[in-house]
Amino acid sequence: MSESTPNGERQPRTGRSLKAQQRRQEILQIAMDTFAARGYNNASLQEIADRAGVTQAGVLHYFRSKAQLLTSVLDLRDATDIEQLGPDRPRGLAFLRHLVDTVRRNTEREGIVRLYAVLSAESVTEGHPAQDYFRDRYAGLRTLVTEALAEACELGETRPGLNVEEAAAAIIAVMDGLQVQWLLAPESVDMTAATDRVITALLADLTGKPT
């Protein structure tokens, strides 16, 4: 018999073995790699099960459906980012520097970058199970970056006629677009330097002075 988490995910009863926990993590990692390589729509539970050395029923013992497995993969990705951010979120210019540092770390985790690029693009298609996740994620990111830009510009004292929200959306667009270019030609694209240059230029434009 199994228990369910608040989001409906099946898990073995309390006190499950370390082996079961390890198998669940193995399936998650394999699913992450498979979704990154083939996308959600083209990857199958059978393929993931075969790579994990279990049956489809074995996968569904831990994850009730393919969509629920995808949600767990995205949660795992977010947990990794939260761990790197630390307990206290930086503010203002420090948060903008954190974005550049995140890009630098991403050059060392190609699989996660590919997963994000593939699934975020797929999520615009009708009925995709990650659509709400990415809609909420972009809304949250725009808010965070907007706040950081306003704080970096001395509590929102920007040049008249300039829109901080537009600048925040532009920074996120640049970061995501650079990921695609880097995945296709990593030797030709310096994501870290380009992100830093764009943030620096936008701050200078917002404040009317070099940063």
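A search of the whole structure finds three aromatic pairs, where rings of Phe, Tyr and Trp (its six-membered ring) pair if their centres lie within 6.5 Å. The structure is a predicted model, in which local features need pLDDT of at least 70 and side-chain atom pairs count only at pLDDT 80 or more, while totals for chains, interfaces and linings use all residues. Residues are numbered from 1 along each chain as its sequence is written, and side-chain values use heavy atoms, without hydrogens and water.

**Aromatic rings**
- F35 and Y40 form a tilted pair, 5.7 Å centre to centre with 45 degrees between the planes; planes under 30 degrees apart count as stacked, over 60 as edge-to-face and the rest as tilted.
- The ring centres of Y133 and F134 are 4.9 Å apart and their planes stand at 90 degrees, so this pair is edge-to-face.
- Ring pairs link Y133 and F134 with Y116 into a cluster.
- F35 and Y40 are buried, as are Y133 and F134; buried means under 20% relative accessible area, with a 1.4 Å probe and protein chains only.

**A charge over a ring**
- The charged end of K66 sits over the ring of Y40, 4.3 Å from its centre; the criterion is NZ of Lys or CZ of Arg within 6 Å of the ring centre and within 35 degrees of the ring normal.

**Helix α8**
- Helix α8 covers residues 164–184, a helix being a DSSP run (H or I) of at least four residues, numbered from the N terminus.
- Its buried residues, including I171 and W182, pack against α5, α6, α7 and α9.

Note on methods:
Helix = DSSP H or I, 4+ residues; strand = E, 2+ residues; numbered from the N terminus. Expected span 1.5 Å × (residues − 1). Buried < 20%, exposed > 50% of the residue type's maximum accessible area, 1.4 Å probe, protein only. Contact = heavy atoms within 4.5 Å.
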